[in-house]
Amino acid sequence: MVSTAQAVGRGSVVRPKVGRDDWIMRAYMLVIVLYLLVALAFPLYVMLSKSFETYAFRFDTVEFQVDRGEGWGETLNAMALGEGLGIVDPGTLVTTSDGRFPATSFFPDFSFRAKTLYRIRNTKEGSGGFLVKGRPATGTDWFELTSGEFRRVQIRPSQATGTGNYLSYFSTPALFTSIYNSLMIAVISTIVTVTLAFLYAYALTRSCMRFKGAFKMIAMVPILVPSLLAGIGLIYLFGKQSLVLKVAEWAFGEKTVAPWWDMLANGTYGPSEVYGPVGIVVASVFFTFPHALIIIITALSIADARLYEAAIALRAPKPRIFRTVTIPGARYGLISAAFVVFNLVITDFGVPKVIGGQFNVLAVDIYKQVIGQQNFQMGAVVSVVLLIPALIAFTVDRIVQKKQVALLSARAVPYEPKPSRRFDRTMFAYCCFVAFFILGVLAVCQYAALIKFWPYNLSLSLGNYNFDVMDGGGWDSYANSIQMAFYTAIVGTFMVFTGAYMVEKGKGFNSGRTGFQFLAMMPMAIPGMVLGLAYIFFFNHPNNPLNFVYGTMGILVICTVTHFYTVSHLTAVTALKQMDPEFEAVSQSLKQPFTKIFARVTVPVCLPAILDISIYLFVNAMTTVSAVVFLYSPDTTLASVAVLNMDDAGDIAPAAAMGMMIFYTNAGVRLLHAGLTRGLHRRTQAWRTT
Amino acid sequence: MSESGAGGKTDRTAYLRIEDLTKKFGAFTALKDVTLEIYEGEFVCFLGPSGCGKTTLLRAIAGLDIQTSGRVEQAGKDISALPPSERDFGIVFQSYALFPNLTVTRNIAYGLENRKASRAEIAARVTELLDLVGLPDQGDKYPAQLSGGQQQRIALARAIATSPGLLLLDEPLSALDAKVRVHLRHEVKDLQRRLGITTVMVTHDQEEALTMADRIVVMNQGVIEQIGTPLEIYRLPATSFVADFIGTMNFVPGTVSGTDRVRLAGVDLACESDGLAEGTAVTVAVRPEDIVVRSVQGGEENALEARIGEMEFLGSFYRADLVSEGLGEARLRADLSINLVRSQGINEGDPLSVLLPRERIRIYPGNAVHG
Ligand SMILES: Nc1ncnc2c1ncn2[C@@H]1O[C@H](COP(=O)(O)OP(=O)(O)OP(=O)(O)O)[C@@H](O)[C@H]1O
Ligand SMILES: [Mg+2]
């Protein structure tokens with residue numbers, strides 16, 4: 001026995017030789033880590049530091065001398081001058097990076113015709129300096145200028161680091177009330193969506209109603225359209241020129257309907273109130289419904305029939321079974337769905353932009369600060385504020401999902417519903433109502449897109465499809481969107497799947513793998529608006545060697561792949577985990593390179609998952625607005641952004657028309673995907689055991 | 001082909017040499033200073049309870065999970081740090097890991113490709129291998145279309161396709177049902193003998209190890225308890241763990257009472273005391289089938305007066321509990337043949353003289369308590 005405190009045994013410590021394959025896998029993994037750093041971590045870091053970047057005029061470091069024909073007078077400090085004149089107080093000092101202060105303001109008697117000469121200088125290197133003859137001067141040398149030249153001198157703010165932006169954010173009620181608004185909208189939408197989706201999922205899993213397949217398919221429709229289309233549909237249905245009103249008038253006569261409508265209109269949440277919180281909530285429920293539904297269906301379908309049998313054997317009454325068996329079984333699913341919906345709503349930008357009216361929420365604030373006021377620092381502050389709830393929701397969701405997985409792997413006897421006329425009919429009616437609403441929103445958009453001018457000229461026309469005469473990029477934007485979605489699907493699927501393979505099947509190099517996993521999970525927590533803004537800061541920086549991608553299709557693809565990386569990565573990892581871990585070992589023992597097992601076995605076996613990833617990326621690239629709204633250029637306008645811009649410009653019908661184009665494209669691609677998957681299944685069922 | 005080894009001969013040179021091999025998973029030591037030699041053409045089984053480190057040792061030999069410290073040498077070459085692809089072995093896993101989307105032929109041919117062999121050569125080799133494992137016309141099927149036993153044989157064919165110097169098998173039979181398993185034991189063993197390939201098989205089934213192995217390595221909690229032929233392991237278990245793990249064993253506490261003598265509660269027995277000092281607390285072990293019942297004379301050496309407690313019918317024999325003043329609280333289980341029970345009319349509660357043959361008694365230092 002060795003009696004020393006040595007940690008290892010008697011033999012010499014082994015440093016495993018890293019094989020050629022391992023090196024290649026590690027190198028490749030590093031490439032993707034690098035990608036995620038550049039496309040995610042660095043931009044976020046830059047954004048975070050931007051939010052702490054403050055700008056203020058440092059007049060105390062600027063000095064003047066004046067020569068009115070009698071030689072140079074005494075040196076005048078700008079701060080002292082300004083205070084004397086009453087034009088400078090602490091309020092005027094704080095500004096943005098674009099803030100400029102004309103030097104002539106310090107000389108009320110200034111006239112550019114006068115023969116007066118001026119001198120100006122900085123007293124401190126590194127403070128903001130001033131623009132002279134169109135060029136920035138930050139040195140401490142005197143500049144001697146004629147009054148004609150002096151007229152154009154602009155004092156620039158000096159940059160500092162501090163919490164100033166946050167202080168001014170939290171002292172501006174117009175800004176920080178958005179936090180409350182956003183949280184309120186998200187919470188209410190979450191409660192409504194989860195409740196509705198639970199009932200719908202309950203009907204699909206626990207009743208014997210008919211047309212379950214169709215109901216399930218209809219419920220997935222909102223995934224195929226940009227979230228803002230829901231807003232547009234609601235405006236047509238319930239807005240000032242409400243289609244519902246028109247139909248009611250047509251059916252019951254104007255006289256009958258008018259008093260009712262007025263009563264509603266004068267109520268707290270009347271039709272004109274569709275612009276505002278109610279509209280946001282309804283549209284949010286519309287577009288988050290399928291996301292919640294998928295999760296809750298999964299949770300409900302893993303229910304263990306034995307529990308129900310036991311409960312029935314104990315003669316528990318139905319409501320009690322529901323309370324003590326159904327709800328606890330679906331508990332994790334419900335919590336997870338709630339957090340996913342919360343996250344989607346609070347980070348969504350399309351819906352509140354279209355239907356929010358004067359009601360401010362965080363995501364729209366970012367847009368307004370950046371696009372409207374060009375106040376990038378404040379945009380960064382709002383982004384950071386928005387990150388907090390999103391991060392919390394994300395973390396809770398991850399924890400809950402882990403528990404759900406544990407439940408899934410436990411063996412259970414699947415529950416088989418038994419027919420019950422009354423229950424099945426109730427459920428059927430409910431599902432009809434929901435399906436009708438979903439299809440109704442789309443139908444109304446399509447209808448509005450096809451008529452000349454709602455509600456005055458109802459004749460059919462394709463005029464609204466003449467996108468080229470509208471604001472938003474025209475048909476090019478549609479072509480761009482398809483191109484972008486296509487690239488995203490191809491590049492994204494390749495990157496996500498190969499990356500997941502390296503991290504799942506690679507050996508050793510644990511620190512690299514952990515880092516990769518962390519980076520791959522991060523995008524889900526980052527709201528699209530935040531990502532887009534971070535990209536502006538990072539890629540648009542003149543010193544960034546990657547600056548050339550700014551304004552190209554490339555940055556849109558990078559941004560979209562990154563934005564939707566996490567879900568794709570998880571799909572890939574799940575598929576890879578189902579592969580026998582010994583495939584690689586066998587291949588190595590037979591001295592074959594990993595590329596062979598990857599190409600010959602892994603990819604063919606995982607092909608359904610690979611197709612799922614690519615369709616997911618394609619559909620989301622078609623519908624995403626939030627991240628790319630900051631990044632498109634005149635050459636790379638996108639259909640989803642065109643919907644937004646046309647709506648913004650008041651061309652609501654064309655916006656609806658474009659939204660429906662996105663829908664048909666996505667629906668078509670989905671059908672193609674279904675066909676491919678089915679064909680694949682037929683071809684491979686010889687070797688697939690299940 | 002080299003003859004299959006009768007184990008334990010140390011005059012042969014080792015084909016695989018493992019020295020002071022230690023494997024840690026974080027703070028947990030899965031293998032501790034394992035040293036072992038395996039000879040060319042030998043069939044060695046790693047046997048031990050679940051979690052004792054058998055798979056870990058096998059994977060270290062394969063380079064799939066390289067040891068924390070220690071040496072592995074194959075055919076005179078130090079392979080301790082090499083990745084699997086630079087070692088020379090074929091492997092079969094419990095799951096078989098057959099590639100589901102490739103036909104049987106393509107599975108077997110997988111390792112033959114990229115080796116400068118022509119298509120015709122590969123095809124001929126695959127046919128040869130399919131014949132060898134007795135599945136000549138299953139080449140076009142997919143693994144999912146084969147039975148478990150057939151899949152197992154395909155996995156074996158794939159592992160030996162490239163004629164590796166070493167064959168590693170990790171519980172290759174445990175996923176099969178009992179009948180097929182017994183049948184395949186012979187087939188695998190037969191194949192190994194014909195090819196003369198050095199083979200290491202991991203198993204937790206002692207019957208499998210006893211019937212198939214030339215030598216058995218019994219492991220427990222990351223250390224080797226004993227290495228020996230099946231007969232040595234069974235007859236002369238080196239530790240009380242091995243004695244208990246292999247077959248059935250009676251354990252009775254005792255004390256060394258002199259040279260080659262041990263005292264139980266009320267009786268003195270003659271046995272090999274392995275040089276243990278007088279007064280050492282020991283555990284006395286004897287197998288139920290070694291207890292002699294027929295024609296025992298009272299007063300003979302190691303004879304014991306007992307009474308039959310419960311009798312358990314086990315098909316071809318009875319296993320009887322023996323209660324005796326000489327044993328104190330302890331019980332002995334003895335196997336009584338059906339014949340004996342019938343001819344002597346033995347019943348529960350009857351008195352009986354039994355003999356514990358001196359050469360069949362093993363003693364182990366310490367008071368090991370075994371179930
Ligand atoms: N990757 C790992 N990380 C941590 N501990 C491990 C790992 N692999 C194995 N172990 C531990 O090492 C010990 C030995 O495991 P090993 O798989 O070698 O057992 P085994 O003898 O093959 O058992 P079985 O008969 O159940 O297959 C076990 O306690 C196991 O929990
Ligand atoms: Mg094992």
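**Entry 1: contacts of ligand 1**

I looked up polar contacts (pairs of N or O atoms within 3.5 Å) and found a backbone N or O atom of B:Gly51 2.8 Å from an oxygen atom of ligand 1. A backbone N or O atom of B:Gly53 lies 3.0 Å from an oxygen atom of ligand 1, and a polar side-chain atom of B:Lys54 lies 2.8 Å from one. I then noted that ligand 1 taken alone exposes 630 Å² and that the protein buries 58% of this area (Shrake-Rupley method, 1.4 Å probe).

I record that this is a predicted model, in which local features need pLDDT of at least 70, side-chain atom pairs count only at pLDDT 80 or more, and totals for chains, interfaces and linings use all residues. Residues are numbered from 1 along each chain as its sequence is written, chains are lettered from A and ligands numbered from 1 in the order in which they are written, and side-chain values use heavy atoms, without hydrogens and water.

**Entry 2: shell of ligand 1**

I listed the residues around ligand 1 (a heavy atom within 4 Å); among them are B:Phe25, B:Phe28, B:Thr55 and B:Glu171. By class, I counted 4 nonpolar, 5 polar and 2 charged residues in this shell. Strand S2 (28–39) and helix H1 (54–62) of chain B each supply at least two residues of the shell (DSSP runs; helices H or I of at least four residues, strands E of at least two). The largest share, 3 residues, comes from H1(B).

Key:
A polar contact is a pair of N or O atoms within 3.5 Å; within protein, one must be able to donate a hydrogen and the other to accept it, and residues adjacent in sequence count only if both atoms are side-chain atoms. Ala, Val, Leu, Ile, Met, Phe, Trp, Tyr, Cys and Pro count as nonpolar, Asp, Glu, Lys and Arg as charged, and the others, Gly among them, as polar.
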